Amino acid sequence: MSECTTAARFEIHYRACLSPEGQLLGESSRASTDPALLQRMYRMMVRARIFDAKAVNLQRTGKLGTYPSCLGQEATHVGVGAAMRAEDVLFTVYREIGTKLWRGVDMYRILLYWGGDERGTLYEHSPQDFPFCVPIGSQMPQAAGAAMAMKIRGEARCVLVFIGDGGTSQGAFYEAINFAGARELPLVCVIVNNRWAISVPVERQTAAKTLAQKAVAAGVPAVQVDGNDALVVHQVTTEALERARRGGGPTVIETLTYRLADHTTSDDATRYRSAEEVQSAWALEPLLRLRRFLEQRGLWDAQAEEALKRECAVEVEAAVRQYLATPRQATDAMFDYLLAELPPALHSQRDEARRYAALRG
Amino acid sequence: MAKMTMVEAINMAHAWEMEHDRNVVVLGEDVGINGGVFRATVGLQQRFGSARVQDTPLAEGLIAGTAIGLAAQGIKPVAEIQFMGFIYPALDQIASHMARLRNRTRGRLTCPLVLRMPHGGGIHAPEHHSESLEALLCHHPGLRVVCPSSPARAYGLLLAAIRDPDPVMFLEPVRLYRFMRQEVADDGQALPIDSCFVLREGSDLTIVTWGAMTVETLKAAEQLSGEGISCEIIDVASLAPIDFDTILDSVVKTGRLLIVHEAARTCAVGAEIAATVSEHALYDLLAPIRRVTGYDTIMPLYRLEYDYIPSLARIVDGIRATLAE
């Protein structure tokens, strides 16, 4: 037998702060001792869920286009939002409602986007954040580029980029984390492992036991966390962002969660996964455990819950009214933002669209 | 004024703009210490530092995507794709994001960047190193596509491309890189990025071409001038959007149009020019529009590349055929 030595050895740690019953597990969590932050995170998760249900409803009644529900992933989305600073830059996939809301994106804008209007990407409070990214994984190199800009300028800012479990099968994912590692870019990548890439379960995407370990090949530190635990998501993301801000380079965080809804409103998940599986995932959903934790500490009660739900319903209704009352853009909108200035060769096409729009009325 | 090759002029334009705009950053494969495989970026890293001239990992999609992120953050990336035949992995970033970012964010985020790439054949390069794929890019609204045909135009157009507020695909004809030397003033003067250049005035026939094909086309015109044939030659230079006013004015004047390009014929930029001229000037035409182009075949390995690239003889015959009708 030939002798061999170990060239390298790797481990992926799993972290969780809060049990499904709402009990602290011993892992440190800065949020756990910050009542205002805890309440704010919980409120944002409820806000995202109520908005999400309304958006699905609007689609079902023909008032919204295809919509990808975020149901079940609120802890990951909100935990990340809470860990970011306003001046950081966010790149999302298309499901991270909680993060967008945290960063001040109006519900009205989100409805407008899924309602087929580019003005839905106007983020008044986070003007450098990228809009939803539909082509899977393609946001990753752009996020690396934004992080490179921050590094070139020596800024203490970071980029936070989301990707899904399916997205980690894309070359762009690996290209970007590889580059981020090689250049020690201030980039934190959160893999939202919700178990399903439309109909393909994560076990059929990859033989890797964790998605976090894909970062090992890029030389990037990685960790897996309970993605339904807002405290650990906030904690681990905060640590990663702090390290990146200090010049310590990128981190990959895999958050284990579950897509409780269909992939989008155009999908029917009963075709490919069992009701039992979904049922057991509901037992781990993220809102209840945080509420229990808050209640145990006297930071929340049924009255607060009712008041919050009423408040969210009012906010959502106002956003829906504003969305439904927004007239579609004039056809010039197709031409106005093509280039900084419309080339003369396109003037006749713009005029043609105007003429036929007038006929359409 | 120094006489220089196109590749030297391109290098000089980089240096001018990096000197005058601290936001300009160069990235790509081997662009740093190696100065690029064609030496277009030689000396830039030594002069401007490794933060502003960065070698990227070997991944074209990453280069294009990174450039988008940089540009959206206010850096002006000038990124090199090593050969146009390797553009395919970058197309997702170019088409799905670069071309669309301004539009999909209603102008909130933009992509002022340059993606440079060697274009076309004729230097006996290996497989996949000689493609003319401008049509792939021109089909995507939201991009500018530019192809210079001389050292001076390369200098002026590259400066314009870097200063442009939108993504510019900058196609550099490889067989012109060191084909000739020309006096180029290092004066920071940009050329218009939305205009054709009339390389030769004439009255019998308009020839529309770009990039390296300008060389053979000018030769053909010179050869036939001895027979009293007067060709007007237009270097389109900006392939998207195209300055059709200059082309149409010329066609109305001469009544005849020959299109010469290296790319394969079907669905190429020449087809768009022929269609637009037909729409706007059909009754000014005295003869059918003709095309002398690369064949609708795979770009051959280099032993046959000059059988693929339109030759002087094919262009001369194209001119004669257009004039015969």
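**View 1. Residue B:Cys231 within strand E11 of chain B.** In this predicted model, B:Cys231 belongs to strand E11 (residues 231-235) of chain B. B:Cys231 counts as buried because 28 C-beta neighbours lie inside 10 Å. When neighbours within four places in sequence are left aside, the contacts of B:Cys231 are B:Arg200, B:Gly202, B:Asp204, B:Leu205, B:Ile207, B:Ala221, B:Leu224 and B:Ile319. B:Glu19 is 212 residues from B:Cys231 along the chain, and the C-alpha atoms of the two are separated by 41 Å.

**View 2. The β-α-β unit of chain B that contains strands E13 and E14.** Strand E13 (residues 257-264) and strand E14 of chain B run parallel and are joined by five bridges. One bridge partner pair consists of B:Ile259 and B:Arg291, the latter in E14(B). Together with helix H10 (residues 269-281) of chain B, E13(B) and E14(B) make a β-α-β unit that is right-handed. Strand E14 (residues 290-294) of chain B is mostly covered, with four of its five residues buried.

**View 3. Helix H3 of chain B and the glycine that follows.** Helix H3 (residues 60-72) of chain B has 13 residues, which at 1.5 Å a residue should span 18 Å; the end C-alpha atoms are 19 Å apart, in agreement with that expectation. Burial extends to 13 of the 13 residues of H3(B). Just after H3(B), B:Gly74 adopts a positive phi of about 95 degrees.

View 4. Most residues other than glycine have a negative phi, and most peptide bonds are trans. B:Asp30, which is not a glycine, has a positive phi of about 65 degrees. B:Asp30 is placed in the loop between strand E2 (24-28) and helix H2 (44-48) of chain B, and counts as partly exposed because it has 16 C-beta neighbours inside 10 Å. B:Arg106 likewise has a positive phi, near 50 degrees. The loop that holds B:Arg106 lies between helix H5 (101-104) and strand E5 (114-119) of chain B. With 18 other C-beta atoms within 10 Å, B:Arg106 is partly exposed. The peptide bond from B:Ala240 to B:Pro241 is cis, with omega near -15 degrees. B:Pro241 lies in the loop between strand E12 (238-240) and helix H9 (244-254) of chain B.

**View 5. Helix H11 of chain A and its packing partners.** Helix H11 (residues 302-324) of chain A comprises 23 residues and reaches 33 Å between its first and last C-alpha atoms, close to the 33 Å expected at 1.5 Å a residue. Its buried residues are A:Val316, A:Ala319, A:Val320 and A:Tyr323. The buried residues of H11(A) pack against helix H1 (35-60) and helix H4 (107-114) of chain A.

**View 6. The largest nonpolar core.** This core has 204 residues, and those with the most contacts inside it are A:Leu111 and A:Leu187. H1(A) gives the most to the core, with 10 residues. Beyond neighbours within four places in sequence, A:Leu187 is in contact with A:Ala143, A:Ala144, A:Ala147, A:Val159, A:Val161, A:Ala180, A:Ala244 and A:Pro250.

**View 7. The interface between chain A and chain B.** Contacts across the interface involve 32 residues of chain A and 37 residues of chain B. On the side of chain A that touches chain B, helix H5 (139-153) and helix H6 (171-183) of chain A each supply at least two residues. H5(A) provides the largest share of that side, nine residues. The residues of the side of chain A that touches chain B comprise 23 nonpolar, six polar and three charged.

Note on methods. Residues are numbered from 1 along each chain as its sequence is written. Chains are lettered from A and ligands numbered from 1 in the order in which they are written. This is a predicted model: local features need pLDDT of at least 70, side-chain atom pairs count only at pLDDT 80 or more; totals for chains, interfaces and linings use all residues. Two residues are in contact if their C-beta atoms, placed from the backbone, lie within 7 Å. Ala, Val, Leu, Ile, Met, Phe, Trp, Tyr, Cys and Pro count as nonpolar, Asp, Glu, Lys and Arg as charged, and the others, Gly among them, as polar. The expected span of a helix is 1.5 Å times one less than its number of residues. A residue is buried if 20 or more other C-beta atoms lie within 10 Å of its own, exposed if 12 or fewer, and partly exposed in between; C-beta atoms are placed from the backbone. A nonpolar core is a set of buried Ala, Val, Leu, Ile, Met, Phe, Trp, Tyr and Cys residues joined through C-beta atoms within 7 Å. Two strands pair if DSSP finds at least two bridges between them. A crossover is right-handed if, with the strands pointing away from the viewer, the path from the first strand over the helix to the second runs clockwise.
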